[in-house]
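Student: I would like to learn how to read a model such as this one, going from the overall layout to the packing of single elements. Could you take me through it step by step?

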Amino acid sequence: MDDVTAITQVILKERQGRDRGWFEQEASCFHPQSRVHITWFDGPGAEFVQLSRASMPRASDPVTGSRHPWYITGSIGPWPRCLPKSR
């Protein structure tokens, strides 16, 4: 596996963990000395995971465990287009 693919896989694993509330999986993607810098947070990866866990409600979907009812419908340019899932 080349470096770009390996890094991409770590990012996807971290995003999946956060989106689905699998915080142990999310935490496993951060190096102990990692730093996250985004609009609402700037600090260590471990603290980011803790705040992510605290800020999200319990899972609502009994099948996926996801609190985010989104699905991919196609693409616009290089990015998938995501729309709210209708129930």
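Tutor: Let us begin with the inventory, keeping in mind that this is a predicted model. The secondary structure of the protein amounts to three helices and four strands, and their order from the N terminus is α-α-β-β-α-β-β. Of the 87 residues, 23% count as buried, and among the contacts between residues at least 6 apart in sequence, 26% join residues at least 24 apart.

Student: At what angle do helix H1 and helix H3 pack, and how far apart are their axes?

Tutor: The general idea is that two packed helices are described by the angle between their axes and by the distance between the axes. Here helix H1, residues 3–20, packs on helix H3, residues 45–55, at an angle of about 30 degrees, and the axes lie 10 Å apart. Because angles under 35 degrees count as roughly parallel, H1 is roughly parallel to H3.

Student: Which residues of H1 and H3 meet?

Tutor: From H1 come Glu14, Arg15 and Arg18, and these meet Phe48, Ser52 and Ser55 of H3.

Student: Which residues of H3 are buried, and why do they lie on the same side of H3?

Tutor: The general idea is that an α-helix has 3.6 residues a turn, so residues three or four places apart point the same way. In H3 the buried residues are Gly45, Phe48, Val49 and Ser52. They cover an arc of only 100 degrees around the axis, and therefore sit on the same side of H3. The face turned away from that buried side carries the exposed residues Ala46, Gln50 and Ala54.

Student: What do the buried residues of H3 pack against?

Tutor: Their partners are H1, helix H2 (23–27), strand E1 (35–38) and strand E2 (41–44).

Student: How do E1 and E2 run, and how many bridges join them?

Tutor: E1 and E2 run antiparallel and are joined by four bridges. The two strands form a hairpin, with two residues between them. To follow the pairing residue by residue, note that Val36 stands opposite Gly43 in E2, while the bridge partner of His37 in E2 is Asp42.

Student: Is Ala46 buried or exposed, and how far is its C-alpha atom from that of Glu26?

Tutor: Ala46 lies in helix H3 and has 55% relative accessibility, so Ala46 counts as exposed. The C-alpha atoms of Ala46 and Glu26 are separated by 9.4 Å, although these residues are 20 residues apart along the chain.

Technical notes
Residues are numbered from 1 along each chain as its sequence is written. This is a predicted model: local features need pLDDT of at least 70, side-chain atom pairs count only at pLDDT 80 or more; totals for chains, interfaces and linings use all residues. Side-chain values use heavy atoms; hydrogens and water are left out. Axes are lines fitted to C-alpha atoms, for helices over the stretch in contact, and angles run from 0 to 180 degrees between N-to-C directions. Angles under 35 degrees count as roughly parallel, over 145 as roughly antiparallel, 65 to 115 as roughly perpendicular and the rest as oblique. Contact means heavy atoms within 4.5 Å. Buried means under 20% relative accessible area, exposed over 50%, partly exposed in between (1.4 Å probe, protein chains only). The arc is that of the directions from the helix axis to the C-beta atoms. Two strands pair if DSSP finds at least two bridges between them.
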